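What holds each chain together, and what holds the chains to each other? Look at the model first, then read on.

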Amino acid sequence: MQYILPSQPASRRSAISTVEVGQLRQMSVATLVERCTTESERFYRGQPHDPGYSHELFRRALVERDEQAWEYIFRHYSPLVESWVRRSGAFSSTGETGEFFVVSAFTRFWRAVTPEKFGSFPTLASLLHYLQLCAGCVVIDSVRAQSWAEMLPEETLQNGRSPLTLPDEEAMERVHREEFWNYINTQLNDEAERVVVYNSFVMGMKPGDIYTGRPDLFDGIGEVYNVKRNVLGRLSRNQELRRMLAL
Amino acid sequence: MGDDEGSTDGACCCPPELDELDVLAAVDGEASVAVYAHLEQCSACASRAQQLRTLQGQLRQQLFRLFCPSSDELAACIQADTSGPLNAHITNHILGCPSCQSDLALLASIVARPPHSTPPPPLHRVIAQPQPRAPTKGHTWSQPDTRLYRAGTLRISLSLERYGNPLGLRLRGTLRGTRQRAITASLISSGRVISSTPLDFYGSFTLNDVPNGAVLSLRLPTYEIVVEALQHLLHEYY
Ligand SMILES: [Zn+2]
Ligand SMILES: [Zn+2]
């Protein structure tokens, strides 16, 4: 992911706080938590507030890996993260709990904002914006997992891949799938076959929609069906492909 | 496809058997009513449909959304909007992929409102009423007496005590009658928050350095309970 770069050079004073950076760094986590709670309360009541204490708590949690600071941030910002997820519209259809999304979003955020990358987030607003993106990503992954499940017949899902795999496995699997696609490509004779196979299996489209998208290439839906039947017949007789699918 | 002659579903029960295009249309959900009716009755033709469904499922399993950017890459597009050039390869893919367009729209809708820029609308205010208390022997510094307040069905008990050196005033309180979590207790003086603390699991809280003239506010998700009478209580100490 790319990160927003600091828009101004680091100064003695915190970019967002009226408190000196040195002073913030010396505060105990307990004091910071107390100040954060008060500043946050001012925010909720529309009063002038200082986000510097919260930013420092994020720094303690993400750079110094302070568990107490992380615990406060998780507890304090969980309702906010849940509100972002709930208002997304996709929430109710995913069948997941709000808690699932909150935990996943924070986990993603924790992994992405390493001590080295923290400098790219000079304000509380930039940190929260990134947390918001992480919440969005976990919603998208969940929606994708669901559309995946709807797209595949049950028997292929059971012994097939789970949409939620580890990043390393995911990369390996992607390589394997790309090799598979390259092989399929060698079995196709022309542009019409490539369009039908790509749209049917990569994009998950039905013949009717494929024709609507490419009326220049096909005379009618019937021709899309003919092409699809020919390709599927050829692929189903292909021993090498059967071997690859059995893996 | 299908070399299962001799099995129970080897022959079509009601010839002519469905041709390959009809079976394919049925699997893709675009066949006529007559074709589905035939498949209901005929295990031979239904078996051919099942083989085709399985092959298509296997192909989709390998290929479905193979070239779609990850959610992280979509998020980077949104970040890039504000901080740098867009990845042309990903942008081109999105232009031709309705699924990614809808993913991106979903992501954009989540980040559309700045995360923490505008405070929520003003809270509905409920004033807690003091409740009569049982006669006491008079308070001492070591055993502060407790005052009771009520706001609807919620009950609040408060006690003040002196502490520390130099002497400060500490407010201890408990809110009962709600299962709500995420409640914050704040001392307010001249309309400004002086200090705040979250209520613990048992609904209890402690606020130190209570200034003269302060009122207590307990903020719940949709309203606040204000104990104005704390001012009168404080007069006894200041
Ligand atoms: Zn039949
Ligand atoms: Zn896509």
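Two residues are in contact when heavy atoms of theirs lie within 4.5 Å. With that rule, turn to chain B of this predicted model. Among its contacts with a separation of 6 or more, 52% are between residues 24 or more positions apart. For chain A, the corresponding value is 62%.

The two chains are built from these elements. Chain A has 13 helices and 0 strands. Chain B has 7 helices and 10 strands. Of the 247 residues of chain A, 47% are buried. In chain B, buried residues make up 43% of 238.

Which residues touch the most other members of the largest nonpolar core? They are A:L57, A:F58 and A:F109, in a core of 99 residues. Helix α7 of chain A, residues 124-151, gives the most to this core, with 12 residues. Take A:F109 as a way in. Leaving aside neighbours within four places in sequence, A:F109 is in contact with A:F58, A:L62 and A:W70, and also with A:L127, A:Y130, A:L131 and A:C134. Another core lies apart from the largest one. This other core has 28 residues, including B:L175, B:L199, B:L216 and B:Y237.

Now look at where the chains meet. Here 68 residues of chain A are in contact with 70 residues of chain B. The area buried between the two chains is about 6700 Å², and carbon and sulfur atoms give 62% of that area. Polar contacts across the interface join 27 residue pairs. On the side of chain A that touches chain B, several helices give two or more residues, among them α2 (29-44), α4 (67-86) and α12 (221-237). Helix α7(A) gives the most to that side, with 16 residues. By type, the residues on the chain A side divide into 34 nonpolar, 18 polar and 16 charged.

Side chains of opposite charge can pair when their charged atoms come close. Over all chains, the structure holds 25 salt bridges. Across the interface of chain A and chain B there are 5. One of the salt bridges joins B:D28 and A:K228, with the closest N and O atoms 2.7 Å apart.

Other salt bridges lie within a chain. In chain A, A:R214 and A:E191 meet at 3.8 Å, N to O. A:R214 lies in the loop between α11 and α12, and A:E191 in helix α10, so the pair ties together parts that are 23 residues apart in sequence. A:R214 is partly exposed, at 25% relative accessible area. A:E191 is partly exposed as well, at 41%.

In chain B, B:E20 pairs with B:R48 in a salt bridge, the closest N and O atoms being 3.4 Å apart. What does this pair tie together? B:E20 is in helix α1 and B:R48 in helix α3 of chain B, so the pair links parts 28 residues apart in sequence. B:R48 is buried, at 16% relative accessible area, whereas B:E20 is partly exposed, at 28%.

B:E161 and B:R172 form a salt bridge of 2.9 Å, N to O. B:E161 lies in strand β4 and B:R172 in strand β5 of chain B, so parts that are 11 residues apart in sequence are tied together. B:E161 is buried at 14%, while B:R172 is partly exposed at 38%. Finally, A:R25, A:E56, A:R59, A:R60 and A:E64 form one network of salt bridges that share partners.

Conventions:
Residues are numbered from 1 along each chain as its sequence is written. Chains are lettered from A and ligands numbered from 1 in the order in which they are written. This is a predicted model: local features need pLDDT of at least 70, side-chain atom pairs count only at pLDDT 80 or more; totals for chains, interfaces and linings use all residues. Side-chain values use heavy atoms; hydrogens and water are left out. A nonpolar core is a set of buried Ala, Val, Leu, Ile, Met, Phe, Trp, Tyr and Cys residues joined through side-chain atoms within 4.5 Å. Buried means under 20% relative accessible area, exposed over 50%, partly exposed in between (1.4 Å probe, protein chains only). Helices (H or I, at least four residues) and strands (E, at least two) are DSSP runs, numbered from the N terminus. Buried area is the accessible area (1.4 Å probe) that two parts lose on being put together, summed over both. A salt bridge is a side-chain nitrogen of Lys or Arg within 4 Å of a carboxyl oxygen of Asp or Glu. A polar contact is a pair of N or O atoms within 3.5 Å; within protein, one must be able to donate a hydrogen and the other to accept it, and residues adjacent in sequence count only if both atoms are side-chain atoms. Ala, Val, Leu, Ile, Met, Phe, Trp, Tyr, Cys and Pro count as nonpolar, Asp, Glu, Lys and Arg as charged, and the others, Gly among them, as polar.
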